[in-house]
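Here's a quick rundown of some aromatic contacts to look at in the viewer.

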Amino acid sequence: MKSILAKNSLPILVLFCLAFFSCRKEITKCAEMITTYKYLTPVSIERTRYFTDPAFDTIKFKSNKGDTLIFVKTDCDSVWFDEYKSWNNPACGPYENVKNLQITNTYKTIKGEGIFKVKHSVRAKLLIDLNAQDYVIEIMFLGNHFYFFEETFYDNTYEHYIGDTAVGDTIFSNSFFEYSNFDIESKVIGVMVPNLGIITIRDSLNLVYFELIK
C-alpha cells in the first residue's frame, strides 16, 4: 500500500516542482545609472566668433530692401541638457545620463524688428541621424532656424558647400549653407563661414536677402 502511495505521489511532486519553478520570476539585473559630461572644446567654441570676439556682441545686417537690423547681445548663459541611454529591457531604467553642454547668446533688437540668437551645443543630430553626435551651431534669425554641424566645416565634398561667397566688397571662402529648419521648400538658406559666423540669409521665394555688415 505504501509503495503504491509513493508511486502515485512522485508524479504529483514533479508537477508541483515544475509549477513552482515556472511561476518564479526571473530576477532582472539592472546596472546602476552613471552620469557623464560632454563639454564644448575650445576648438569647437572658436568655430564662430559669437562667443570669443567682443566685436560680435553687436550684429548688423542690411537687406536688399534697404532695411538695417542691429542686434546687441544681452545675455550669455550655459545649461546642461540630458540624454538618457536605456537598455532594451523595460524593467530597467536608464543606464547612463549624458549631460551635454549648451551655451546661448541672446541678442536684443535695437534697430528694426526681429530676433537673433545663437546656440552652440553638443547634441544628437536631430532630423538627420539620431545615432550620431556632433557639435552644432544653431542660429535663429527673424523667423528662421538654421542648424550648422561642425563636421561639415571645411568639407568641400559636402553637398551644400559653396566655396567663395561675396558680401559687399568682401569675399568669404569655405562658405556653405543650410536650409531653415532643414526645409528645402522654404527656399530660405543661411550661409555660414567657418571661424566667423552666418554672413547672409537668402529667401529666394520672396526675393529678400540680408547680409552681414562688419
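Is Phe61 buried or exposed? Phe61 is buried, since its relative accessible area is 0%, under the 20% cut-off for that label. Bear in mind that this is a predicted model.

**The overall aromatic picture**
- Searching the whole structure turns up 19 aromatic pairs.
- One aromatic cluster is made up of Tyr50, Phe56, Phe61, Phe71, Tyr107, Phe116, Phe141 and Phe210.

**Tyr50 with Phe116**
- The ring centres of Tyr50 and Phe116 sit 6.0 Å apart with the planes at 55 degrees, so this pair is tilted; edge-to-face would need an angle over 60 degrees.
- Tyr50 is buried, at a relative accessible area of 1%.
- Phe116 is buried too, with a relative accessible area of 1%.

**Phe61 with Phe116**
- Phe116 also pairs with Phe61: the ring centres are 5.9 Å apart and the planes make 45 degrees, so the pair counts as tilted.
- Here again distant parts of the chain are linked, as Phe61 belongs to strand β2 and Phe116 to strand β5, 55 residues apart.

Note on methods: Residues numbered from 1 in each chain as written. Predicted model: local features only at pLDDT ≥ 70, side-chain atom pairs only at ≥ 80, totals over all residues. Heavy atoms only, no water. Phe/Tyr/Trp six-rings, centres within 6.5 Å; stacked < 30°, edge-to-face > 60°. Buried < 20%, exposed > 50% of the residue type's maximum accessible area, 1.4 Å probe, protein only. Helix = DSSP H or I, 4+ residues; strand = E, 2+ residues; numbered from the N terminus.
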